[in-house]
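Visitor: I have a structure open and would like to go through it slowly with someone. Could you help me read it, beginning with the words I need?

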Amino acid sequence: MNILIVEDETALAEAVEHILRKAGHSADRVADGQSALDYIRVGGYDLILLDIMLPRLDGISVLRQLRSEGVQTPVLMLTARTTVPDKVAGLNAGADDYLTKPFDPEELLARVGAMTRRRGEVVLDELCYGDLTLELNTVTLRCGSRDVQLGPKEFALMRLMLSEPKMIYSKDLLISRAWGLDSEATDNNVEAYISFLRKKLRYLGSGVTIKNLQKIGYRLEVTP
């Protein structure tokens, strides 16, 4: 499952990310409400862990905005607030469940699993576009009878682009999603890994290409 952690306490966010990854999930983390909206609008998340007290835009406002836009991704509120009005406000805004900090790692994982089952969500094990298939469990990119293993950064970039293949991805967005917000990665890193992916697409003989839109970003295209 691909999970977004929205939490401005760095130590807690890192701990939650470690818990989720150890349990076999993939996870991204952001530290403010506006960044959360930007990430979620790109798509590709099965669950959102959302704190209430956030910089730039609070969690309740983020949640209301998402629901008003028709985003139905399950949301688990993570917060130190324990009063009934705070819980009611989160649930009324569209939260699916509520977990008060501090919490036990086992309870967090149990809530995550229960929310997924309760919503009847189907967790995808592959993403497809054109003649390409990205197998999420094996980190393998396949086209016809050929396949190739992807490295961690290649996988992160390809997974992101295949989640919304018609979207244009800026280099800044690719850096934040594949390397992280606190990374020192530069445009050169993005260009290098896009080059690696293009070589693998050519090896596979795929009709899918990564088009460079000058000064804008990258987009997947299917050639006839």
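Guide: Let us begin with the names: helices (H or I, at least four residues) and strands (E, at least two) are DSSP runs, numbered from the N terminus. Please keep in mind that this is a predicted model.

Visitor: Where is the place of Arg56, then?

Guide: Arg56 sits in the loop between β3 and α3, the latter covering residues 59-68. Its phi is near 70°, which is a positive value in a residue other than glycine.

Visitor: OK, and what is the order of the strands in the open sheet of 5 strands?

Guide: The order is β2-β1-β3-β4-β5, and the pairing in this open sheet is parallel. The edge strands are β2 (26-30) and β5 (97-100), each of which pairs on one side only, and the twist from one strand to the next averages 20°.

Visitor: Which helix packs on the sheet, touching β1, β2 and β3?

Guide: That is helix α1, made of residues 10-22, and its direction makes about 170° with that of β2.

Visitor: Let me zoom in a bit: how many bridges join β3 to β4?

Guide: There are 4 bridges between strand β3 (residues 47-51) and strand β4 (residues 75-79), and the two strands run parallel. As an example to look for, Leu49 has Leu76 in β4 as its bridge partner.

Visitor: New topic: which peptide bond is cis?

Guide: The bond from Lys101 to Pro102 is cis, with omega near -5°, and you will find Pro102 in the loop between β5 and α5 (105-119).

Visitor: Now the open sheet of 4 strands: is its pairing parallel or antiparallel?

Guide: The pairing there is antiparallel, and the order of the strands is β6-β7-β8-β9. Because β6 and β9 (146-149) stand at the edges with a single partner strand each, one side of each is left without a neighbour in the sheet. Ignoring direction, neighbouring strands of this sheet are turned by 20° against each other on average.

Visitor: How many residues lie between β6 and β7 in their hairpin?

Guide: There are 2 residues between them, and Gly130 in the turn has a positive phi of about 60°. The strands themselves, β6 with residues 126-129 and β7 with residues 132-135, run antiparallel and are joined by 4 bridges. Along this pairing, Cys128 stands opposite Thr133 in β7, and Glu126 stands opposite Glu135 in β7.

Visitor: And what about the hairpin of β7 and β8, how many residues are between the strands?

Guide: In that hairpin there are 4 residues between the strands, and Val139 takes a positive phi near 55°. Here too 4 bridges join β7 to its partner, strand β8 (residues 140-143), and the two run antiparallel.

Visitor: Which strands does α6 lie across?

Guide: Helix α6 lies across β6, β7, β8 and β9, running at about 125° to β7. Helix α8, for its part, lies across β7, β8 and β9 and runs at about 155° to β9.

Visitor: I also want the helix packing: at what angle do the axes of α6 and α7 cross?

Guide: The axes of α6 (residues 152-163) and α7 (residues 171-178) cross at roughly 125° and come within 9 Å, so the two helices are oblique to each other. Their crossing is right-handed.

Visitor: Which residues in α6 meet α7?

Guide: Lys153, Ala156, Leu157 and Leu160 in α6 meet Leu174, Arg177 and Ala178 in α7. Sorted by class, this contact has 5 nonpolar, no polar and 2 charged residues.

Visitor: Then α7 and α8, at what angle do they pack?

Guide: They pack at an angle of about 80°, with their axes 9 Å apart, and are therefore roughly perpendicular to each other. Lys171, Leu174 and Ile175 of α7 make the contact with Asp187, Val190 and Glu191 of α8; by class, that gives 3 nonpolar, no polar and 3 charged residues.

Visitor: Last one: how many aromatic pairs does the structure hold?

Guide: It holds 2 aromatic pairs. In one of them, Trp179 and Tyr193 are edge-to-face, with 5.6 Å from centre to centre and 70° between the planes. This pair links distant parts of the chain, since Trp179 is in the loop between α7 and α8 (187-204) while Tyr193 is in helix α8, 14 residues apart.

Terms used
Residues are numbered from 1 along each chain as its sequence is written. This is a predicted model: local features need pLDDT of at least 70, side-chain atom pairs count only at pLDDT 80 or more; totals for chains, interfaces and linings use all residues. Side-chain values use heavy atoms; hydrogens and water are left out. Two strands pair if DSSP finds at least two bridges between them. Axes are lines fitted to C-alpha atoms, for helices over the stretch in contact, and angles run from 0 to 180 degrees between N-to-C directions. Contact means heavy atoms within 4.5 Å. Angles under 35 degrees count as roughly parallel, over 145 as roughly antiparallel, 65 to 115 as roughly perpendicular and the rest as oblique. A crossing is left-handed if the near helix is turned anticlockwise from the far one by less than a right angle, and right-handed if clockwise. Ala, Val, Leu, Ile, Met, Phe, Trp, Tyr, Cys and Pro count as nonpolar, Asp, Glu, Lys and Arg as charged, and the others, Gly among them, as polar. Rings of Phe, Tyr and Trp (its six-membered ring) pair if their centres lie within 6.5 Å; planes under 30 degrees apart count as stacked, over 60 as edge-to-face and the rest as tilted.
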